[in-house]
Amino acid sequence: MDLATRRRRASLFLFFLIPGLSISSWVTRTPDIRDQLGASTAQMGLVLFGLSVGSMLGILSSGALVARFGTRPVMGVGTALIIAGAVVIGCGTPLSSAPTVAAGLFLFGAGMGGGEVAVNIDGAEVEQIIGRTVLPTLHGFFSLGTVVGAALGILCTAVEFPVLWHLGAMAAVTAGMFAYAFRAIPAGVGRTRTNPADGGTAPARPAVWKDRRLLLIGGIILAMALAEGAANDWLPLLMVDGHGVDPALGSAVYAGFAAAMTLGRFCGGFFIDRFGRAPVVRASALSAALGLALVIFADSPVLAGAAVLFWGLGASLGFPVALSAAGDSGPDPAARVSLVAMIGYIAFLVGPPSLGFLGDHYGLRSAMIVVLAFVAVAVFLAPAIGTRRATVTGPVPAPDQQPVTEK
């Protein structure tokens with residue numbers, strides 16, 4: 001690996017770390033934010049709908065934006081929106097303003113949806129350049145960010161530190177990381193659309209959404225992203241309202257989930273290279289299903305808290321492994337990664353409000369049966385993910401050497 005690629009990979013670590021720190025800072029304070037807003041479970045679902053709408057708008061626009069401008073500016077704007085969203089959420093909480101918090105979540109979601117698709121496309125290219133499994137490790141830094149952010153959130157919750165100052169301080173720290181990391185990301189990656197002003201013409205690009213195997217991979221990523229997203233959105237409240245623990249302990253359980261996710265992603269590359277993708281994804285889905293079932297049906301808070309570790313380990317590899325499989329499933333890897341990532345992020349649109357409404361009528365524990373059903377389906381879809389990743393024998397073409405095609 002040359003120095004530029006090493007610096008680029010290190011910067012991608014930070015681009016994955018920043019949203020992990022930010023989202024866990026918000027999630028661990030959801031009980032406090034809910035109380036200050038005076039919102040019911042269904043009302044919190046509506047507040048979270050801002051996150052869902054922002055995520056979907058970011059996802060729907062990200063493919064075209066990357067094709068037109070490349071990953072670098074999309075990653076930059078997306079990360080800036082994440083940081084700004086955290087500040088707006090913090091400002092809305094002491095004002096007891098649900099619309100302000102929802103607006104902050106909208107900015108946060110738009111940054112996550114648009115920026116994360118771009119950073120995954122960039123990470124998939126780095127994986128191809130160095131010829132090793134990398135995306136699980138990159139996603140591991142997202143999970144590491146959630147662990148660190150959750151630990152700080154637990155501390156802030158325990159000492160009743162104001163949400164505004166907590167999220168404001170996190171925004172300042174992540175802004176510094178962003179300023180450092182942005183310099184090492186090259187321009188032009190993923191850019192496939194010509195500028196009409198240049199007078200360029202290009203053949204039509206194959207419709208990747210007609211690829212049956214790619215759609216099955218999308219089904220896997222949808223199920224596993226829903227398993228991950230359900231925990232990110234609802235786990236502290238699930239433990240508080242569903243198992244009767246106090247808010248600080250609910251945040252601690254979420255930290256355990258995040259730690260299990262981190263462990264799974266940092267160790268996942270070894271098992272994928274040794275046993276292949278499909279067996280690892282199937283085992284991951286089974287682990288997530290076991291953890292979810294125990295959290296849903298066990299009446300013991302201790303057993304439910306321990307089962308969250310199986311849930312976290314199981315959910316850890318579905319998203320990055322599916323993205324990696326999509327990237328080398330055929331021509332035009334950027335479009336393939338973008339499509340599969342978009343399918344996965346649909347979970348962020350339908351998940352939070354749907355689980356909120358179901359939880360308001362039947363309880364959050366019962367609502368999680370929907371997530372369990374999706375994860376069970378992923379067990380049977382696992383063969384579509386393919387075997388182990390093909391070894392890359394040479395570097396991929398530089399962005400300016402790749403064929404220019406029309407989106």
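Modeller: A salt bridge is taken here as a side-chain nitrogen of Lys or Arg within 4 Å of a carboxyl oxygen of Asp or Glu. The model is predicted, so local features need pLDDT of at least 70 and side-chain atom pairs count only at pLDDT 80 or more, while totals for chains, interfaces and linings use all residues. Residues are numbered from 1 along each chain as its sequence is written, and side-chain values use heavy atoms, with hydrogens and water left out.

Under this rule there are seven salt bridges. In one of them, Arg-365 pairs with Asp-299, with 3.1 Å between the closest N and O atoms. Arg-365 belongs to helix α14 (residues 364–381) and Asp-299 to the loop between α10 (277–297) and α11 (301–315), so the pair ties together parts 66 residues apart in sequence. Helices are DSSP runs of H or I with at least four residues, numbered from the N terminus. Arg-365 is buried, at 18% relative accessibility, whereas Asp-299 is exposed at 66%; buried means under 20% relative accessible area, exposed over 50%, and partly exposed in between (1.4 Å probe, protein chains only).

Arg-34 forms a salt bridge with Asp-35, the closest N and O atoms being 3.1 Å apart, and another with Asp-241 at 3.5 Å, N to O. The latter pair links distant parts of the chain, 207 residues apart: Asp-241 in helix α8 (residues 212–243) and Arg-34 in helix α2 (residues 30–37). Arg-34 is buried at 14% relative accessible area, Asp-35 is exposed at 52%, and Asp-241 is partly exposed at 42%.

Conventions
Helices (H or I, at least four residues) and strands (E, at least two) are DSSP runs, numbered from the N terminus.
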